[in-house]
Amino acid sequence: MPAGPNQLLGHRVADAIEAALRGAVTGRHVEWVEVRSDRVRDVLHFLHDSEAFDAAQLSNLTSVDRHTHFEVVYHLQSLDLNHQIVVKAIVEDHENPLLPSAYPVYKGALLQEREVYDLMGIRFEGHPDLRRLFLWEGYPAYPLRKDFLSLGQITGKDVNPGLVRFPFEDTEDPDRMLNAGNIVTGEREAAAGNAGQAQAGH
Amino acid sequence: MPARRRQGTNVNSTVEPYVLNIGPQHPSTHGVFRVRVVMDGEVIRDLDMIVGYLHRSMEKLAEERTYTQNIPFTDRADYLAAMSGNLGLALGIERLAGVEVPERASYLRVIFAELQRIASHAMANGTLVSDAGAWQTPLLYMFREREKILDLFEMTCGARLTTNYMRAGGVSFEPPPEFWPALKELVAELPGRIDEYMELLADNEIFLGRTRGIGVITPEDAINGSLVGPALRGSGVPWDLRKAEPYCVYDRFDFDVPVGIRGDVYDRFMCRMMETRESVRILQQAIAQIPAGPHKNDIPLALRPPVGEVYSRVEGPRGEVGFYLVSDGGPAPYRFHLRAPSLINLSLLRELARGASLPDAVVTLGSIDIVVGEIDR
Amino acid sequence: MESPGIILAFFALSGLTATSALLVLVARNLMHALVFLVVSFLGMAGLFLTLSADFIAVAQILIYAGSISVLMVFAVMLTPLASRNNGSTLYVIPALLAAGGLSNIIGFIAIDTDWDERKGEVLAQSDFTTTVAGIGDLLLGKYILAFEVASVLLLFALLGAIVLVQERRRAGEEA
Amino acid sequence: MSEQPMRPATPMLQQIAEHHSLLQRFMGVSKEWKGFVFLLLAGFGLANLAIAYVVVDGRLDGHWYDIRDLGNAVAGLRGWMQDEGFHPAVPYVTTALLGALGILSVVGGWLLIGSWVERRVLAKFQIRQGPNRTGPFGLLQPIADAVKLMQKEVVIPRAADHFLYYAPPVIIFIPALLGWGPVPWAERMSFLDLNVGVLYTIAISSLGVLGVFLAGWSSNNHYSLLGAMRTVAMMVSYEIPISIALLAVVLLTGSMQLSTIVAWQANYNAWLILLLPFAAFTFLFASTAEINRTPNDIGEAESEIVAGFYTEYSGMKAGLFMGVELGNAILVGAMMSTFFLGGYTLFGLETWIPGYLILTTKIGLVYFLFVWLRGTLPRFRLDQLMGYAWKFLIPLSIAQVMLVAIEASIFARWDVPAIFPLVAFALVNLGLTVEMVRRWARALGYAPEIMAQQPVMATTIGGLKAAQKMRGG
C-alpha cells in the first residue's frame, strides 16, 4: 500500500492512544488511526505532548465526504523525530457534522478548519473565528460535499441544469476521455443537433 | 473621517479607531488579497483577512477530471512556482498508482524545481524590497534572472508560467539541445548575481532598519502555527523536506539549509537569498550527474489507481506543498486536497500584525510571501 | 502720499483680510473656518509688505500661515467629531466682550497717535536697506532682556509640552 | 548535445543581443553623415571662438543684447520705456510680467523634461527601456501623458468635502511657483531679489503643508488622511533642520539675500558644500522629506497607503499633484545649487557661459541625484524619520551652527588672505562632521555589526530541539 516514507504505522499509534485514552480509537489501519470525533482533541493533545510521538506540527487538515459520514484527516508530523502520523476523525452525523476544534492544540488549524467549514460544512466546536473563508456568508451550500451538484439544484432555480459527473465515464462514447471538454449535456446535445442539421442540409 | 457627519461618537474618547480596507486592489497585497484593519493612528489594533476573490473551486473541479488533467490546476494554484506544484502532484499520483520514474526524469525534475525555486525566491524577495519602498529596482533586477529561467521553461515546455511540465511517470518533454548551454551559462552567472543583490540589500542601512526585529516569529509559534518553508526556517527551525524525506534524487546532492537567528523579516529574506545559493549548488551537481535515458515512462491516459489514499509533499519555494489524494479506483480522484503553504503560513498573520504599525505589517506580509492563487485555489 | 499701486494693494489686501476673517466666524465647518483663517493670515502678510516690513511679512507667513495653521489642523483632528462644527456657543458672550475691549484699545491708540506724515518721509529717506539686520541689532542690543525672557519662556513652553505628554502617557499605561 | 550553435531563446533575447549603443550605431553610419556631423561640430567650435573674442573684447558688457545675463535685456527694456516717457507703472508691470512669464515657462519646461528624465533615467537604473515609443527616445511622452491626463474623467468621491476638494491642486501649486522668485539665475537675473530671501524660501515652503492637508482631509478617505497626516508631521519636523542648516549658511555669508550668498561663494571660490558638509546634507535630506521623495516618501508610500494624500484625485488633478512633486524636486535642486553649489557661478566660467545655463546644469545634477536615490533606496518608516529629524539632525545641526558662529567671527576678525581660514574651516568641519555623526549614531544605539547578522547554515534537519540547540550554540 502506498505510504509516506516516514509515516508511522497506524497500529503502533493506535495502541499508544488506546493505552492512554481508552475508547478513543475506533479503527486501525496500516497507515492511519481512526478516532472518535468527540475525542479528537484529546487525541491530538496526547500526540502533541507525548515524548514518543512529539507531533509538534499539524501539517495538514482536510476532510473527505464518504456519503454516509465525514472523515476529518489530520496529518501530524514531528520535526525532531522526522515522522508523520495520520489521524482520522470519523464524523458520523452527516446532517449536522460537529467536532471539537484543534485550534487549542495547534494554532495552524485556524485557517484550515475555516476552510473545511467553508467547503465541507463541518463545524468545529471551540474554534475562535469560525466563518466562511472563500465563499461569502450566506452561500447556500458546501461545495466539496458529494451531494453538491450545482447552484441551480440547491436554490431551486434552473440556472445551470444538469452537470454530468464523470463525463469520461460515458459508456456510449469511450473516446470522450481524450477530447472531453464539454461537460454540459445541453450544449453537447445542441451541438450534436446542429451537426445533424448541417449534415442533413448537405 | 467624514467631515459631514453630524453625529459624533463618544466625546470622552481621545482616540477614534477606524477601519482601513487594504485590498483587494492594493499595491502590497500581491494579488487580490484583502485585509480589513482596525487602526489606531498608524498602529494596527486588529486585522481580519478576507480571501476568496480568486476562488476557483479547484478541489471540486479536480474530482471531475482525470489525474493527468488535474496537473494544470497546480500551475494555477501557485502560479509563481508551477513546477513545484506539478512535481508534488506527479509524485502523489506515482505513489498512489505505483508508477516508476526513469532516473533522468528525476534529475530533470530536480533541475526544474530548483530553477523554479530560484525564480520564485527572486520574485518574493523583489516584492518584499518593493514593499519596503525601494521603488521596483531590486524587483526588476531579480526579474532579470527570473526571465532567463522562464526562457528556459519556455524552451522546454512552451510555457513560461503555467508549465504543466511534470507528469506521472516522468516529465512531458526532453529539453531541447540549446537548453543545456543556456542552463550552464545561467548557473555560472547566478552566484555573481546573488552576490550583487547581497551587496545591494543585505547591508543596506534603511533596509535593515525596516526589516530587523520586525514581525518576529518564535520557533515555538512557527512550528505550532504550521508554518513551513522560509517562514519556518527564518524562525530558526532547520526543517527542509528535501532533507527530511528526500524525494526524487535529492539525497544524492550536497546542500545546506539556511536557518535564521531571530525569526524576523530580515531573516526570512536572507534565508530565501541563501537558499537561492544552495539551489545553484544543487543545479551544478545535477547538471554534472544527469544520466542519459528516457525522460518518461508511458502510463495509461486514464490512470486508475487502486483504492487508497496518499499524502505526498514536496518542498516548494513557500514550503510544504502537500497533495492529499483519495482514490476510489476510478479515473478521477475521489478527493483532491492541496495543502497550500501560502494560506497556512497566514495562520499567524493576525498575531503578527496586532500592535505593529502599518508599514511593518506590509513588510511582514511581504516576508511571508503569499500567492493568492494558492490561497484561494 | 504713497503711489496708487500701494493704495490699491492696501485696499485689496485689507478687504481680503477682513472678508476672510468674517468668513471664519460665519463658516459652520471648522475646517473651512481654518482655511479662511489662513487666507486672512496671508492677507496680513501682504499688508505688512505694503508697509515695507518684509521681515515681519515673511515671519507672518512662516509662523502663522505655515505653522499655526498646522497646529490648528492638529487641534481639529484631536477634536471629537461631535464638537467639530463651528456652531454658536455660550462662548459668544465673553468673546464679544473681549473683541469689544480690543477694538476699543486699538481705536484709542489710533486716535492718540500723532499721525505726522513727515515722520514717514524721514523714515523713507533714512538709509536702511534691510530690516533684518536692524531687527537683529535691536534684538541683541537694546531689547536683549526682552529677547532673552521670550526665549526662556519658549523654552519653558517646550519643556512643559514634553512634561504634559509624558504624564498623559504614564496615566494611559496605568489605566 | 551542445553541438548546435547557441541561439537566443526568445525574440526578446534576440532583440537584446542585437541592441547597439548610440555610439556603435553612429560608427555604423555612412561617411557622408559622419562628415556632416563633423562639420556641425566644427561650426559650433568656430562660433564659440567668435563669441569668446567678443566677450574678451568686453563689447557686450551690460548691453541689452548681452544674453549671458537676461537681466540686461530687461533692464534695457525698462530704460527704453522710461526714456519714452511711459507712466512709471508701465515698465514696472511689464518687467514683472516678463519675469513671471520666464519663470512659468522655465518651470513648465522643467516639468516636461523632468518627467521624461525621471522615467527614462529610472528605467536605465532598473535595466528597462523606459518611454521610447512617443517621438525620438520617447521625448514626446510627457506631452502625451499630459494630454491623456487632461482627457481623463475627474472622479470626485460623493462623500468628499467639495468646497475643499477642488482647492488643493491649485493651492499646492502656488508655493511651488512662488519659491522660484528669489532664485538668482545670473548676476542681474533674479525675479525677486529679496533681502530676506532665505526666510522667504522657508516661509513659502511651509505653505505647501496646507494644500497637502486639505487634499487629505477633503477626500474623505483613510489613505488620504493617513498620507496627509504623515506629510504634515514630516513637513513640520523637517522645517526645523532646514532652517538651522540655512542658518549656518546665513551666518557664514552674513546675508539672507540669495544673490549675495552666491556672490560670496563666487568671491571666495568656495562652494558652501565644502565648508558646511553637514548643513548641505541636512538640507538635502530634509528637502527629500519635505517634497516627499525617496527615501522619505512616506507621505505617498505606494506600498502602504496607495498614493497618500492624493489617492482620491484623478485625471489632471492627480497630474497637478505629481507635477508639483516634480517641480518641488527641481526647486530644491535650484535652492541646493544656490546655497551650497555656487549658484549660477562656476569658478569664473560664468563669464563665458550664461549663468542660467550653469544653474540649469546644476539643477539637473541635483535632480539626477534625486532620481538616483529613488532608483536605489528603500523607504524609511514614519517613526524612524521623525526620530531621525528630532534625535539626529536637529541636535547635530545646532552644534554645527555654534561651530559656524565661531568660525564666522574668526573669519570676520582674522586679517589674513581668505584662503587660509576657509581651507582650515573646510577641513575642520569635514572632520568634525564625520566624527560627530559617527559618535552620535553610536550613542543613539547604532550597531551595524549586530544588525547585519546573517542566517547560519544547517547541515542536518530537526525541529524545536534543533532550533534551541542552534540558538544556544
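Predicted model: local features only at pLDDT ≥ 70, side-chain atom pairs only at ≥ 80, totals over all residues.
Residues are numbered from 1 along each chain as its sequence is written, and chains are lettered from A and ligands numbered from 1 in the order in which they are written.

Staying with chain A, we find that 39% of its 202 residues count as buried; a residue is buried if 20 or more other C-beta atoms lie within 10 Å of its own, exposed if 12 or fewer, and partly exposed in between, with C-beta atoms placed from the backbone. Among the contacts in chain A with a separation of 6 or more, 44% are between residues 24 or more positions apart, two residues being in contact if their C-beta atoms, placed from the backbone, lie within 7 Å. The loop between strand 5 (83–91) and strand 6 (98–100) of chain A holds E92(A), which counts as exposed because it has 11 C-beta neighbours inside 10 Å. From E92(A) to S50(A), 42 residues away in sequence, the distance is 28 Å, C-alpha to C-alpha.

Leaving aside its neighbours within four places in sequence, V87(A) is in contact with W32(A), V33(A), V35(A), V43(A), Y74(A) and L76(A). V87(A) is also, together with V249(D), L276(D) and F283(D), one of the residues with the most contacts inside the largest nonpolar core, which has 304 residues; such a core is a set of buried Ala, Val, Leu, Ile, Met, Phe, Trp, Tyr and Cys residues joined through C-beta atoms within 7 Å. Helix 10 of chain D gives the largest share of this core, 18 residues. In soluble globular proteins, nonpolar side chains tend to be buried together.

In chain B, an open sheet of three strands has the order 1-2-3 with antiparallel pairing, and two strands are said to pair if DSSP finds at least two bridges between them. Strand 1 (18–22) and strand 3 (43–50) of chain B stand at the edges and have a single partner strand each, so one side of each is left without a neighbour in the sheet. Strand 2 (residues 34–40) of chain B is joined to strand 3 of chain B in the antiparallel sense over seven bridges, and here V38(B) stands opposite D46(B).

Further along chain B, strand 7 (residues 308–316) is largely enclosed by the rest of the structure, because eight of its nine residues are buried. Strand 7 of chain B forms a hairpin with strand 8 of chain B, with two residues between them. Nine bridges join this antiparallel pair, in which strand 8 covers residues 319–327, and V314(B) stands opposite V321(B).

How do chains B and D meet? The contact takes 53 residues from chain D and 63 residues from chain B. On the side of chain D that touches chain B, the largest share, five residues, comes from helix 20 of chain D, and the residues of this side divide into 27 nonpolar, 17 polar and nine charged. In these counts Ala, Val, Leu, Ile, Met, Phe, Trp, Tyr, Cys and Pro are nonpolar, Asp, Glu, Lys and Arg are charged, and the others, Gly among them, are polar. Pairing also crosses between the chains, since strand 6 (residues 257–259) of chain B and strand 3 of chain D are antiparallel partners over three bridges, with V259(B) opposite V456(D). Chain D also meets chain A, where six residues of chain D are in contact with five residues of chain A.

Chain D itself is divided into domain 1 (32–61) and domain 2 (154–444), with bounds that come from an automatic or database domain assignment. The centres of these two domains, taken over C-alpha atoms, are separated by 38 Å. Helix 5 (residues 89–125) of chain D contains V93(D), which counts as exposed with 12 C-beta neighbours inside 10 Å. Between the C-alpha atoms of V93(D) and R119(D), 26 residues apart along the chain, the separation is 39 Å.

Note on methods:
Helix = DSSP H or I, 4+ residues; strand = E, 2+ residues; numbered from the N terminus.
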